[in-house]
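Student: I have a new model open and would like to go through its side-chain contacts with you. Could we take it topic by topic?

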Amino acid sequence: MSRYMINTWEPETPSFWQTTGKATAARNLWISIPALLLAFAVWMVWSVVVVNLPNIGFTYSNNQLFWLTALPGLSGATLRIFYSFMVPIFGGRRWTAISTGSLLIPAIGIGLAVQDVNTGYPTMLILALLCGFGGGNFASSMANISFFYPKASKGFALGMNAGLGNLGVSVVQFVVPLVITFAVFGAWGGDSLTWVKNGVSKDMWLQNAGFIWVPFIALSTLLAWFGMNDLASAKASFSEQAVIFKRKHNWLMCWLYTGTFGSFIGYSAAFPLLIKIQFPDVNPLDYAFLGPLVGALARVAGGVISDKLGGARVTLWSFLLMIGAVLGVLYFMPQGGTGGNFNGFFWMFMLLFAGTGIGNASTFRMIPVIFLTEHQRAAAGKDKAAQEQAIVDANKEGAAVLGFTSAVAAYGAFFIPKSYGTSIALTGSPDAALWCFIGFYVSCIAITWWCYARKNAPMPC
């Protein structure tokens with residue numbers, strides 16, 4: 001038996017939690033967070049790279065650039081479906097180390113590819129797809145951390161893991177514009193590229209957008225392998241976890257989480273390019289990182305608030321906030337290619353990112369509570385062994401649902417950028433896409449209120 005395997009894990013037992021569980025859970029959480037942050041950074045790196053490709057000589061159309069921005073979302077969401085079930089099969093420690101180490105492939109690949117303007121577009125598409133490794137990691141990371149914490153602290157733990165992990169989106173959009181301006185790795189990092197815009201030229205090391213993450217990924221992989229734990233109680237085959245596909249609440253929460261996290265990651269991926277197209281006189285990289293930063297920090301706060309007020313109530317209000325913010329974005333955007341108010345547009349987007357972040361936390365707080373309640377209802381009146389088994393089963397199902405809903409929601413990272421691109425191609429503006437998003441949020445409000453938030457709701461949470 002591995003020394004990293006924990007055979008007895010009872011977080012719902014107060015004495016165990018205070019003497020043993022809390023410290024062990026915290027250690028696993030604080031190793032998980034930077035690993036997840038790096039995963040998000042690699043997943044979203046194309047949102048920054050595409051803005052610079054035309055300036056160094058790559059001749060791609062706006063639609064091709066939107067594809068490079070969108071494809072990591074497509075592959076990341078698809079990988080999440082599989083990653084959702086990996087922790088109970090391989091163990092949280094092993095899978096965190098393996099999945100984090102896999103990020104080296106796209107990070108090094110991008111660093112090599114952007115140094116040659118003759119690199120083919122298909123190669124860039126493949127590298128964009130490989131960045132999906134970072135997107136996949138979220139599903140397994142959240143499932144893993146959910147096993148370590150009791151019901152009363154799941155909102156906090158999942159909010160911290162996801163919220164600080166989501167900071168990777170903001171970090172990549174803040175760090176990359178800085179590190180591509182000088183030779184971070186000296187001769188080892190390759191020659192500079194010539195950046196040309198409006199007759200002005202300067203040196204750029206765009207390869208650092210990929211290379212800068214390599215040492216941190218290597219360190220995080222080692223920390224996960226030697227510092228985290230596997231839980232025997234979390235072991236389950238795929239067939240045992242596949243029961244979630246029969247659960248109504250799995251599919252309802254997929255819909256709601258697509259509205260929150262799908263919005264967060266989709267808006268994050270497309271925000272820099274949307275600014276560049278709608279407000280060409282504004283440097284998008286001066287502002288783009290702030291949206292994901294606001295969303296990530298709001299997610300941390302949303303987890304704490306949801307533990308106190310209940311996930312469903314907070315989710316309901318977050319969707320109302322998002323609708324109001326999208327209406328504000330529409331009001332301040334240029335119409336017919338003219339006018340517009342960037343300050344109003346920017347602050348409405350900050351409000352929108354805040355709404356997605358709070359909703360991310362509140363929906364994820366709902367999931368483990370729903371499944372624990374459901375299993376405890378089924379075990380009511382039975383012996384102690386049955387009630388203890390209900391908690392174990394609920395944790396396994398809840399973890400699988402956390403992962404699977406995050407997989408479905410991650411398609412937002414593909415659909416939102418692609419919706420913008422399609423709307424602009426067909427109508428000349430992204431307005432039609434934004435109106436569709438509002439319609440979707442209205443459906444999310446209806447589901448949340450009817451199933452979870454109203455008085456006498458069938459599953460209050």
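Student: How many aromatic pairs does the structure hold?

Tutor: The structure, which is a predicted model, holds 45 aromatic pairs. One of them is formed by Tyr287 and Phe342, whose ring centres are 4.9 Å apart with the planes at 65°, so this pair is edge-to-face.

Student: Which parts of the chain does that pair link?

Tutor: The pair links distant parts of the chain, 55 residues apart: Tyr287 is in the loop between helix 13 (248-278) and helix 14 (290-309), while Phe342 is in helix 16 (residues 342-379).

Student: And Phe342, is that buried or exposed?

Tutor: Phe342 is buried, because its relative accessible area of 13% falls under the 20% cut-off.

Student: Staying with rings, what sits over the ring of Phe364?

Tutor: The charged end of Arg299 sits there, 5.2 Å from the centre of the Phe364 ring. There is also Arg454, which lies over the face of Trp450 at 3.8 Å from the ring centre.

Student: Changing topic, how many salt bridges are there?

Tutor: The structure holds 5 salt bridges. In one of them the side chains of Glu397 and Arg247 meet, with 3.0 Å from N to O. This pair also links distant parts of the chain, 150 residues apart, since Glu397 belongs to helix 17 (residues 384-409) and Arg247 to the loop between helix 12 (238-241) and helix 13.

Student: Where does Glu397 stand on burial, buried or exposed?

Tutor: Glu397 is buried, with a relative accessible area of 7%, whereas Arg247 is partly exposed, with a relative accessible area of 26%.

Student: What does Arg365 form a salt bridge with?

Tutor: Arg365 forms a salt bridge with Asp307, and the closest N and O atoms of the two are 3.1 Å apart. Arg365 lies in helix 16 and Asp307 in helix 14, so the pair ties together parts that are 58 residues apart in sequence.

Student: What else does Asp307 touch?

Tutor: Leaving aside residues up to four places away in sequence, Asp307 touches Ala152, Ser153, Gly155 and Phe156 as well as Arg365. For a sense of distance elsewhere in the chain, the C-alpha atoms of Asp307 and Gly57 are separated by 51 Å, and these two residues are 250 apart along the chain.

Student: How far apart in helix 17 are Lys384 and Glu388?

Tutor: Lys384 and Glu388 are 4 residues apart in helix 17, which means that about one helical turn separates them. Their side chains meet in a salt bridge of 3.9 Å, N to O. Lys384 counts as exposed at 65% relative accessibility, while Glu388 is partly exposed with a relative accessible area of 44%. Salt bridges that share partners also join Arg93, Arg94 and Asp230 into one network.

Student: Arg93 is in helix 5, I think; which residues of helix 5 are buried?

Tutor: Arg93 is one of the buried residues of helix 5, together with Gly92, Trp95, Thr96, Ala97, Ser99 and Thr100. Helix 5 (residues 92-101) is therefore described as mostly covered, since 7 of its 10 residues are buried.

Student: What about the surface, which residues make the nonpolar patch?

Tutor: Ile89, Phe90, Phe238, Phe245 and Trp251 make a nonpolar surface patch of about 450 Å². Among them, Phe90 has its place in helix 4 (residues 86-90) and counts as partly exposed at 37% relative accessibility.

Student: Last one, from the backbone: what is the phi of Asn456?

Tutor: Asn456 has a positive phi of about 65°, although it is not a glycine. As background, most residues other than glycine have a negative phi. Asn456 lies in the segment after helix 19 (431-453), and at 67% relative accessibility Asn456 counts as exposed.

Conventions. Residues numbered from 1 in each chain as written. Predicted model: local features only at pLDDT ≥ 70, side-chain atom pairs only at ≥ 80, totals over all residues. Heavy atoms only, no water. Patch = residues over 30% accessible without salt bridge, like charges linked within 9 Å, V, L, I, M, F, W, Y side chains within 5 Å. Areas by Shrake-Rupley, 256 points an atom, 1.4 Å probe, with all protein chains shown as cover. Salt bridge = Lys/Arg side-chain N within 4 Å of Asp/Glu carboxyl O. Helix = DSSP H or I, 4+ residues; strand = E, 2+ residues; numbered from the N terminus. Buried < 20%, exposed > 50% of the residue type's maximum accessible area, 1.4 Å probe, protein only. Phe/Tyr/Trp six-rings, centres within 6.5 Å; stacked < 30°, edge-to-face > 60°. Lys NZ or Arg CZ within 6 Å of the ring centre and 35° of its normal. Contact = heavy atoms within 4.5 Å.
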